[in-house]
Amino acid sequence: RLLKENPLHGVRLPREKNPKRPVMLHDVYLRLLAVADQIHPLLKLALIVAEGTGRRISAWCNLRWDDVDFQNGTVRWRAETDKTGFEQVVPMTEPVKDALAAARRAQGAIGNTPVFRAPKNPTKPCNRHLFDDWLRKAYEITEIPREKWTMWHSIRRKWATERKGYPVRDVMEAGGWKNEETLLRSYQQPDAETVKRVVLHPTQRIVSC
C-alpha cells in the first residue's frame with residue numbers, strides 16, 4: 001500500500017559517535033601497487049590514478065581518453081560522472097601522466113573511448129565492483145589486514161589528509177569537493193605527526209583559510 005506521508009519525516013536518526021573512516025597508509029599503497037600486475041594491469045593504473053588525483057572511483061573509472069590532455073598535463077573531470085555534478089580541468093602529477101601514457105600506448109586507443117575499458121567489452125568502462133574485487137585480491141596477496149571499510153575511499157582520504165596545511169578552498173578544487181565541512185569532517189583525518197607539530201612547534205604555523 002501507498003502511504004500518504006513519510007512516517008520518518010522530521011525524525012532525526014542517531015549518528016555513530018566514532019564513524020570508521022580509515023586512511024590508507026602510503027606503505028600499504030606501495031605494497032598493493034607492487035602486486036597489482038599479478039591481478040590485472042588495470043588495477044595498477046587504477047591505484048596510481050586514484051592515489052595521484054584523490055578523485056572518487058565513480059569519476060576516475062569513467063575517464064575517457066579525450067579527458068586526458070597530455071600536452072597541457074591536465075585531466076577533465078566530467079560533470080556527469082562526478083558526485084558533485086560539476087566539470088573541472090585539473091593538473092595531473094607526473095606519475096599519473098606516465099601511467100596513463102603507458103596505458104594508452106598499450107591499448108592503442110584515443111578519443112571518446114574508456115581509459116579503464118571492461119575486459120569483456122572494451123567499448124564500456126569497467127564496473128566499479130570489479131575494481132573492488134581486484135583490490136580485495138591485492139590485499140589477500142600482500143596479507144595486509146584489511147578493515148571492512150578500507151577500500152577505494154581510504155585512498156581519497158589519504159590524498160586529502162596528505163594535503164592538510166594547504167588552503168582548504170584549493171584542496172576542495174583540486175580534489176572535487178563542493179562542501180568544506182565534508183572535506184574537513186570526513187576526509188582530512190588527524191595524524192600523529194601533525195598533532196605532534198601542533199603541540200610542540202606552535203610557531204611553525206600552517207597556512208589555512
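1. Helices (H or I, at least four residues) and strands (E, at least two) are DSSP runs, numbered from the N terminus. By that rule the protein has nine helices and five strands, and along the sequence they follow the pattern α-α-α-β-β-β-α-β-β-α-α-α-α-α.

2. A word on the source: this is a predicted model, in which local features need pLDDT of at least 70 and side-chain atom pairs count only at pLDDT 80 or more, while totals for chains, interfaces and linings use all residues. Residues are numbered from 1 along each chain as its sequence is written, and side-chain values use heavy atoms, leaving out hydrogens and water.

3. Of the 209 residues, 41% count as buried (under 20% relative accessible area, 1.4 Å probe, protein chains only). Among contacts (heavy atoms within 4.5 Å) with a separation of 6 or more, 61% join residues 24 or more positions apart.

4. Next, look inside. A cavity is a set of points on a 1 Å grid over the protein atoms alone where a 1.4 Å probe fits but cannot get out; lining residues have an atom within 4 Å of a point.

5. Who lines the largest cavity? The residues are Ala-50, Arg-55, Arg-56, Ile-57, Trp-60, Trp-152, His-153 and Arg-156.

Key. On a 1 Å grid over the protein atoms alone, a cavity is a set of points where a 1.4 Å probe fits but cannot get out, and a pocket is an open set with protein on both sides within 12 Å along at least five of seven lines; lining residues have an atom within 4 Å of a point. Buried means under 20% relative accessible area, exposed over 50%, partly exposed in between (1.4 Å probe, protein chains only).
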